[in-house]
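Biologist: I am new to this structure and would like to learn how to read its features. Could we go through them one at a time?

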Amino acid sequence: QEALFPNLTVEENLHVIARAGGARRERASIDVARALRLTACEDRANELIAVLSGGWRRRASLAAALVGQPSLIVADEPTQGVDVHTRAALANALRAAATEGAACLLISHDARFVEAAADRVGFLLSGRLIKEGKPAALLDEAFGARRTLAARFAETPHDTLAKVLREAGFFASTDGLTWRRIGDQPFEVARLLADEVNQAGGELIVSRPDLDDLAAALHEERHARDH
């Protein structure tokens, strides 16, 4: 829950925090303007916290954390329940703060956000750090030139198509609506499956493996090693 005063505006909250931190009025105004700019909150500066959506409250909370130019920022699941625009704004704000000298510790299950915001990432499994490094380098090391082929459906595919997908090396998500395969020749595989997937109302998407894929691979590798 945000540690902000709901009956004050975003800007008023930031001024209270800046002054409580010891900044004089002129310095506080400069720090507040900077925090609003970094988090792209200028357009909502005069709105009450109480009327803001969850995403805008997250931005305001990050602005509050940045207003004193801290040397360390700890962000725990900052993108939970936010939209894609807020996710991008939060990533930009954290990277800007890091550029200005702050150390940022980010805890998140949001792979896209982590890849956009973090210079280095670490993977924890059962409380132990099992992999650490720069995102791009870790992905290159794990997957090389292999690519992800995803089949996405609005409804769970019928048993015959599900069997075909499994035989082609796909694994289903928990809800059975997204099937993913990481390997070589993704476009050739996509061409072979295109008709059946289209008839089932699905779509095929080729992309580079992401941190979610790496997390799953590390989990499978550790599980196989332990058993």
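Biologist: How do I read a salt bridge here, and which side chain does Asp-110 meet in one?

Modeller: The model is predicted. A salt bridge needs a side-chain nitrogen of Lys or Arg within 4 Å of a carboxyl oxygen of Asp or Glu. The side chain of Asp-110 meets that of Arg-87, with 2.8 Å from N to O. This pair links distant parts of the chain: Arg-87 is in helix α4, and Asp-110 is in the loop between β2 and α5, 23 residues apart.

Biologist: Is Asp-110 buried or exposed?

Modeller: Buried means under 20% relative accessible area. Asp-110 has 14%, so it counts as buried. Arg-87, at 22%, counts as partly exposed.

Biologist: Which residue forms a salt bridge with Asp-210?

Modeller: Arg-180 does, with the closest N and O atoms 3.9 Å apart. Here too distant parts of the chain are linked, as Arg-180 belongs to strand β7 and Asp-210 to the loop between β8 and α9, 30 residues apart. Arg-180 is partly exposed at 26%.

Biologist: Where are Arg-191 and Glu-188?

Modeller: Both are in helix α8, and because they are three residues apart, about one helical turn separates them. Arg-191 is exposed at 59%, while Glu-188 is partly exposed at 37%.

Biologist: How many salt bridges does the structure hold?

Modeller: The structure holds 11. The protein chain has 28 positive and 33 negative side chains, and the centres of these sets are 5 Å apart.

Key:
Residues numbered from 1 in each chain as written. Predicted model: local features only at pLDDT ≥ 70, side-chain atom pairs only at ≥ 80, totals over all residues. Heavy atoms only, no water. Lys, Arg positive; Asp, Glu negative; His and termini not counted. Charge placed at Lys NZ, Arg CZ, Asp CG, Glu CD. Helix = DSSP H or I, 4+ residues; strand = E, 2+ residues; numbered from the N terminus. Buried < 20%, exposed > 50% of the residue type's maximum accessible area, 1.4 Å probe, protein only.
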